[in-house]
Amino acid sequence: MIRDEVRGHTAVITIDNPPANTWTPESLDALAGLLARLEANRAIRAAVLVGAGGKFFSAGADLKRFQGDKVFARHFIARFAAAFDALRASRFVTIAAINGYAMGGGLECTLACDIRIAEAQAHMALPECAVGLLPGGSGTQLLPWLVGEGWAKRMILTNERVDAATAERIGLVQQVVAQGEGLAAALAMAERVATLSPRAVSSCKGLIHNARSGVPLAAGLALERERFMDLFDHADQAEGVAAFLEKRKPEWKND
């Protein structure tokens, strides 16, 4: 249900659970396990997530698995947390290629990614309240950070579905491309990531996440300066500056 393929420095992760690419505890465990393996592979600089087929990125949790069993529900939501926390915390850059409907846990998966690219026909929603649930895979926490409280409430509390153009306008996605071009656009972005220092990118990602965690600005700025100086302990910093001065492409060691 989770397929992966390595293309150069990029891992392509495909959610493949027809007909709607829904999440199950098993597929979430598979995603978490795959991310752990990719984390250990220092050659991986970026990961692109995409849905199999042309209609769904992911329709979210498989609701047939929710039959009033509270113990199982606790297990299921814990699997969401483990998988999406691992996605959010990964050292490499994660890009969601939203190539169709991204609903509920499907949209929450994209919220855990660093960057979102949507195809023009894509639609996004968090409709959990319509079935007596709530977005338990980080939707209530991450969506307001991206689109503001007003739009987050509009989507969650009124079950409003947004199209790709609206998603780009409110900041939910960073790029809209034509139908069928999402994966190619995400791979092109991942190739740009691969030209950068992996250590510097990972440090920047951590600092950006730190900024949204409620850390006071002064503390965040101090940590930024500390991480800046940390880079001088590794070969990439010297190589990057030398390559710039010598007008050549850097050869990152990623030590």
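**Surface of the protein chain.** In this predicted model, the accessible surface of the protein chain amounts to about 12,500 Å², and carbon and sulfur atoms contribute 58% of that area. Of the 255 residues in the chain, 44% count as buried. The charged side chains comprise 28 positive and 28 negative ones, and the centres of these two sets lie 2 Å apart.

**Overall fold of the protein chain.** The chain is built from 9 helices and 10 strands. Its radius of gyration is 19 Å, close to the 18 Å given by the globule rule for 255 residues, so the chain is as compact as a globular protein of that length. Along the principal axes, the C-alpha atoms fill a box of roughly 60 × 40 × 35 Å.

**The largest nonpolar core.** This core holds 47 residues, and those with the most contacts inside it are Ile13, Trp23, Phe84, Ile98, Met124, Leu143 and Leu172. Elements that give two or more residues to the core include strand E2 (10-15), helix H1 (25-40), strand E3 (46-51) and helix H4 (139-157), and H4 gives the most, with 7 residues.

Once its neighbours within four places in sequence are left aside, Ile13 is in contact with Ile2, Arg3, Leu31, Leu34, Leu35, Leu38, Ala47, Val48, Leu49 and Val50. Val50 in turn belongs to a second, separate core of 16 residues, which also includes Ala185, Ala186 and Val201.

Notes:
Residues are numbered from 1 along each chain as its sequence is written. This is a predicted model: local features need pLDDT of at least 70, side-chain atom pairs count only at pLDDT 80 or more; totals for chains, interfaces and linings use all residues. Side-chain values use heavy atoms; hydrogens and water are left out. Helices (H or I, at least four residues) and strands (E, at least two) are DSSP runs, numbered from the N terminus. The radius of gyration is taken over C-alpha atoms; the globule rule is 2.2 Å times the number of residues to the power 0.38. Buried means under 20% relative accessible area, exposed over 50%, partly exposed in between (1.4 Å probe, protein chains only). Accessible areas come from the Shrake-Rupley method with a 1.4 Å probe; for residues, only the protein chains shown count as cover. Lys and Arg count as positive and Asp and Glu as negative; His and the chain ends are not counted. The place of a charge is taken as NZ of Lys, CZ of Arg, CG of Asp or CD of Glu. A nonpolar core is a set of buried Ala, Val, Leu, Ile, Met, Phe, Trp, Tyr and Cys residues joined through side-chain atoms within 4.5 Å. Contact means heavy atoms within 4.5 Å.
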